[in-house]
Amino acid sequence: MRQLLKASISFGLIGCLVLSPIEFVPSTDLTVQAKSASTTGTAERVTTEYTKVYASRSKKAKVILSLTFGTTVYQNATSGSWTKITYKGRTGWVPSATLMPSLNSTEYLVNRTTDLYATWSTKGKRVTTVRSWSHVVKTGEYGKWSRVRVGGKTGWLPTSYLRAPYSNNRITRTVYGSHTYGVDTQAEYDAVYKRVKAEFDAKYDSAEFGFDSYMHRVLNGERGTEDRNDPNFRSLENADLLMAEKALAPYFEGRMSLKTYEKMYRTDNFLSYVHSKYKSNNVVGDKNLKSAYDVLFRGKADCDSLEQVKSLVYDLAGIDNVVVGDGVTHAVLMFKVDEGWMGTGSKAYTKSEIDSINSNNVYLSYTQKGAKISY
């Protein structure tokens, strides 16, 4: 499967997907006040290690109870390096260093297969293995690690392995099925669609995006020479004829009909025009980039954000498409024409290849007619 994806020369790396913001969860069911301490709004906290709960702010005080790693408690007040907490109706003091904020349960995707550990260390006991692109619920974090729940089990994995889900329920009005072009809000979707649609209506059918005169000459039977001894070999006209013949290879080799190829040729030329007009800077490693809006309005681009612009252009041209990835490194836009589903290379995938893609990849955008590619 990886070889199929690597074969697509216009597709880049995933590694540019946005993480959801973290929010602390306030708790309002307890209002205990501590004397001689600064009070805080009662909030959930999670123990970061095995810890004892003391009757007062001293390790010499009476131990009320012991808490295991990862226990959720309620913070009532702080005093110096101590925090007053409540656990199952019992109140006492623990060192503040043994607590961390508890996070609002938020769903994420895991972008690679990894082990889930009982602590925030690869030296901890392995709880289970989480497969690439599994959905997990994040419930806490500590340093560079996140506590997640998956399949009824809870454990820790590196925060860098988490990605926000691609589906976005805030996009309620779309033109082409479930294609949202990676945007975060309806306003962004509307702005992206309006801008590209206006360009498409004004320019798509213009002659500048169609076959040039040399391609028409080649289609009419004329050919350039590859004989280096021919006086015409080094002429610009000969070079243009050879380039035109090479460009028409998908048609000459029977991979596409002339009708299909001409449409794809025009569409890709129009896409190049859009990228040229709305210039963007290529950015590497920015996890906040993922949408057509980033390219067209923020002037920043990376692999999947550029593919989302391409998806919209293909939609407008009437070419069904889907962006898929292997879950770790590659993102590929596939498109549907009369000859079948294709990627860059203009060769239709076989049924077995489509079955493999369906079973081994995550969909960064869905096909217009469903969540799987039909052969």
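1. A network of salt bridges joins E188, D294 and R298. A salt bridge here is a side-chain nitrogen of Lys or Arg within 4 Å of a carboxyl oxygen of Asp or Glu. The search over the whole structure gives 13 salt bridges.

2. The model is a predicted one, in which local features need pLDDT of at least 70 and side-chain atom pairs count only at pLDDT 80 or more, while totals for chains, interfaces and linings use all residues. Residues are numbered from 1 along each chain as its sequence is written, and side-chain values use heavy atoms, with hydrogens and water left out.

3. R126 and D115 form a salt bridge, with 4.0 Å between the closest N and O atoms. R126 belongs to strand β9 (residues 126-130) and D115 to strand β8 (residues 114-117), so this pair ties together parts that are eleven residues apart in sequence. Helices (H or I, at least four residues) and strands (E, at least two) are DSSP runs, numbered from the N terminus. R126 counts as partly exposed because its relative accessibility is 46%; D115, at 25%, also counts as partly exposed. The cut-offs are under 20% relative accessible area for buried, over 50% for exposed, and partly exposed in between (1.4 Å probe, protein chains only).

4. E245 forms a salt bridge with R223, the closest N and O atoms lying 3.6 Å apart. This pair links distant parts of the chain, 22 residues apart: E245 is in helix α4, and R223 is in the loop between α3 and α4. E245 is partly exposed, with a relative accessible area of 27%, and R223 is partly exposed at 37% relative accessibility.

5. In the salt bridge between E253 and R255, the closest N and O atoms are 2.6 Å apart. E253 has a relative accessible area of 55% and is therefore exposed, whereas R255, at 24% relative accessibility, counts as partly exposed.

6. Is T225 buried or exposed? T225 sits in the loop between α3 (213-219) and α4 (236-247), and it counts as buried because its relative accessibility is 18%. The side chain of T225 reaches the backbone nitrogen of D227 at 3.1 Å. That is a polar contact (a pair of N or O atoms within 3.5 Å; within protein, one must be able to donate a hydrogen and the other to accept it, and residues adjacent in sequence count only if both atoms are side-chain atoms).

7. Which residues does T225 contact, leaving aside its neighbours within four places in sequence? They are D230, N232, F233, N238 and L242, where contact means heavy atoms within 4.5 Å.
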